[in-house]
Amino acid sequence: GGSNNAVNAQLGLFQKAGAGQARLTVASKSRFATMMERYSTRFGTVIPNPDLKAERARHYEIGYAGPVAPGWSVDAALFRSDIRDSIQTVTIPVQSGCGAACSQPQNIAKARATGLELGLQGDLGPVQLMGNYTWLERKNISAPSVLPTDTPRQRLFLSASWRAGAWKHTASAEAAS
């Protein structure tokens, strides 16, 4: 029976830097709880929480995108997000309906995410290559003993595509810590 609403805004400054572009952005954004986070019991292992509020975050990013060599480009960014009402899965002691300890999605108050993203793409003859690396550090500011969940500290994605006539063949690999 509850309601939830949000207004999101973003401001960006973009400046030509050589053959590329530098950027500085600030944004105020929200993420509403999913139906699964609110209502799913996940086969009796989770206590539903229909009263979850939307996460609110202020995002800051500074970055650069542009060529680094003929046929190759890079996109690099440093970012920080100050989050309130962060939705995290918290372990709950034994309750009715759970034979053992269960978990529950909850708003855990304040959190911070800082990180770095690096992307590179280019061509080696008929093959297109792409790689993306992200390093992320998340902290629960309100309750440091409750560790953030469901996001890797490091993530690497690589792909290679080759076009043969009307067909495009792509192979990709992903690794996360």
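**View 1. Strands β3 and β4 are joined by 13 bridges and run antiparallel.** In this predicted model, β3 covers residues 55–69 and β4 covers residues 72–84. Strands are DSSP runs of E with at least two residues, numbered from the N terminus, and two strands pair if DSSP finds at least two bridges between them. Ala65 has Asp75 in β4 as its bridge partner. The two strands form a hairpin with two residues between them. In the turn, Gly71 has a positive phi of about 80°.

View 2. The bridge partner of Ser73 in β7 is Gln121.

**View 3. Strands β9 and β10 run antiparallel, with 10 bridges between them.** Strand β9 comprises residues 154–164.

**View 4. Eight strands make up an open sheet with antiparallel pairing.** The strand order is β1-β2-β3-β4-β7-β8-β9-β10. At the edges lie β1 (9–17) and β10 (167–176), each of which pairs on one side only. Neighbouring strands of the sheet are turned by 10° against each other on average, direction ignored; axes are lines fitted to C-alpha atoms, and angles run from 0 to 180 degrees between N-to-C directions.

**Notes.** Residues are numbered from 1 along each chain as its sequence is written, and side-chain values use heavy atoms, with hydrogens and water left out. The model is predicted: local features need pLDDT of at least 70, side-chain atom pairs count only at pLDDT 80 or more, and totals for chains, interfaces and linings use all residues.

Note on methods: Helices (H or I, at least four residues) and strands (E, at least two) are DSSP runs, numbered from the N terminus.
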